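Dear colleague,

Please find below the sequence and the structure that I am handing over to you. My notes on what was found follow directly after them.

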Amino acid sequence: MVRKMKKMKKINMKQTKHNIKMAETKRKSGRKADEMRPISAKVGIIPNANGSAMFQSGKTIAIAAVYGPKEHHPRSQRNPSRGTLRCTYNMLSFSVTDRIRPGSNRRSTEISKIIGWALEPVLMLDKYPGKVIDVCINMIQADAGTRCAGINAAAMALAHAGIPMKNMVSSIAAGKLDKTIVLDLDKYEDSEFEGGEGSTDIPITFTNDGKLTHIQVDGHITVEQLKEAMKMTREASKKIYEVQKQALKDSVGGGEK
Ligand code: ADP
């Protein structure tokens with residue numbers, strides 16, 4: 001029985017390697033399985049905010065603005081022992097080809113919460129009892145991976161606002177196209193790919209010392225595939241961190257090109 005399981009595990013491993021190789025020719029964008037879209041970042045884009053940043057990944061563009069720490073209104077929601085992080089994610093009407101109805105909906109409410117949970121572990125909210133920090137994330141272009149781009153922009157905006165942080169966080173999704181693990185799904189891969197088992201995305205957020213603050217998994221995935229997804233995203237998060245760090249340095253005029 002044990003031998004049979006070991007054999008099955010071996011076959012699974014082989015399948016994973018085989019599938020990753022296949023993905024190199026399979027992705028419509030021509031990207032390799034472990035290749036993310038081009039990224040860029042800029043800090044200090046909204047003068048009226050206490051902190052602000054833009055993060056772009058391919059055609060997805062997030063802008064984040066931080067207001068606070070400030071008095072928490074309504075007072076009934078005030079936490080007397082620590083500060084509150086209030087994130088609001090919004091996909092603008094013109095961010096996708098078909099105009100989206102403006103205002104919040106179930107998806108934006110869920111993503112707002114997720115972004116807050118991904119950021120909170122690195123914030124020292126106990127320094128601001130009774131106060132609130134507002135983080136407004138707007139997607140001006142959405143081509144999949146918006147929650148990750150939003151987290152990356154928000155983390156830079158918080159640092160730019162001078163909010164004490166234990167670490168930076170960097171976020172990126174891995175995904176599964178049929179049985180193959182790939183990095184950073186674009187909109188076609190996320191929503192239109194129909195081969196085999198279809199597609200699933202797995203957004204993951206790491207601190208810059210490699211700890212997880214957020215992971216979302218739905219759909220079918222094996223332990224081996226999840227390990228591969230973690231490995232790819234961990235490596236990619238280091239590259240994202242370097243871009244975030246450089247953007248922050250540039251904003252104080254200390255950046256080296
Ligand atoms: P994420 O953007 O974090 O990957 P989703 O998987 O929910 O989150 O969305 C994937 C992509 O689908 C979005 O980036 C966007 O391009 C598109 N999308 C999501 N919701 C809508 C919508 N209501 N109308 C049109 N496109 C949408």
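In β5, Val-132 is the bridge partner of Thr-84. Two strands are taken to pair if DSSP finds at least two bridges between them. Helices (H or I, at least four residues) and strands (E, at least two) are DSSP runs, numbered from the N terminus.

Please note that this is a predicted model: local features need pLDDT of at least 70, side-chain atom pairs count only at pLDDT 80 or more, and totals for chains, interfaces and linings use all residues. Residues are numbered from 1 along each chain as its sequence is written.

Strand pairing

The strands β4 and β5 run parallel and are joined by eight bridges. On β3, the pairing with β5 (residues 131–141) is antiparallel and consists of nine bridges. Within β5, Asp-134 stands opposite Tyr-67.

Cis peptide bonds

Strand β3 (residues 60–71) contains Pro-69, and the peptide bond that joins Gly-68 to Pro-69 is cis, with omega about 5°. A cis bond also leads from His-73 to Pro-74, where omega is near 0°. Pro-74 lies in the loop between β3 and β4 (84–91).

Positive phi values

Asp-178 is not a glycine, yet its phi is positive, at about 55°. Its place is the loop between β6 (169–177) and β7 (180–183). Asp-184, likewise a residue other than glycine, has a positive phi near 60° and is found in the loop between β7 and α4.

Are these two residues buried or exposed? The classes rest on C-beta atoms placed from the backbone: a residue is buried if 20 or more other C-beta atoms lie within 10 Å of its own, exposed if 12 or fewer, and partly exposed in between. Asp-178 is partly exposed because 15 other C-beta atoms lie within 10 Å. Asp-184 has 27 C-beta neighbours inside 10 Å and therefore counts as buried.

Helices α3 and α5

The axes of α3 and α5 come within 11 Å and cross at roughly 35°; axes are lines fitted to C-alpha atoms, for helices over the stretch in contact, and angles run from 0 to 180 degrees between N-to-C directions. The contact is made on the α3 side by Asn-152, Ala-155, Met-156, Ala-159 and His-160, and on the α5 side by Ile-240, Gln-244, Ala-247, Leu-248 and Ser-251. Here two residues are in contact if their C-beta atoms, placed from the backbone, lie within 7 Å. By class, the residues of this contact are six nonpolar, four polar and no charged. Ala, Val, Leu, Ile, Met, Phe, Trp, Tyr, Cys and Pro count as nonpolar, Asp, Glu, Lys and Arg as charged, and the others, Gly among them, as polar.

Helix α5 (residues 223–251) also holds Asp-250. Asp-250 has 16 C-beta neighbours inside 10 Å and so counts as partly exposed. From Asp-250 to Gly-44 the C-alpha to C-alpha distance is 9.6 Å, although the two are 206 residues apart in sequence.

Surroundings of the ligand

Which residues come nearest to the ligand? Of the 14 residues around the ligand, these are Val-96, Ala-142, Ala-144, Thr-146 and Arg-147; a residue is near a molecule if its C-beta atom, placed from the backbone, lies within 6 Å of it. The shell comprises four nonpolar, three polar and seven charged residues. At least two shell residues come from each of α3 (146–160) and α4 (187–192). The largest share, three residues, is supplied by α4.

With kind regards
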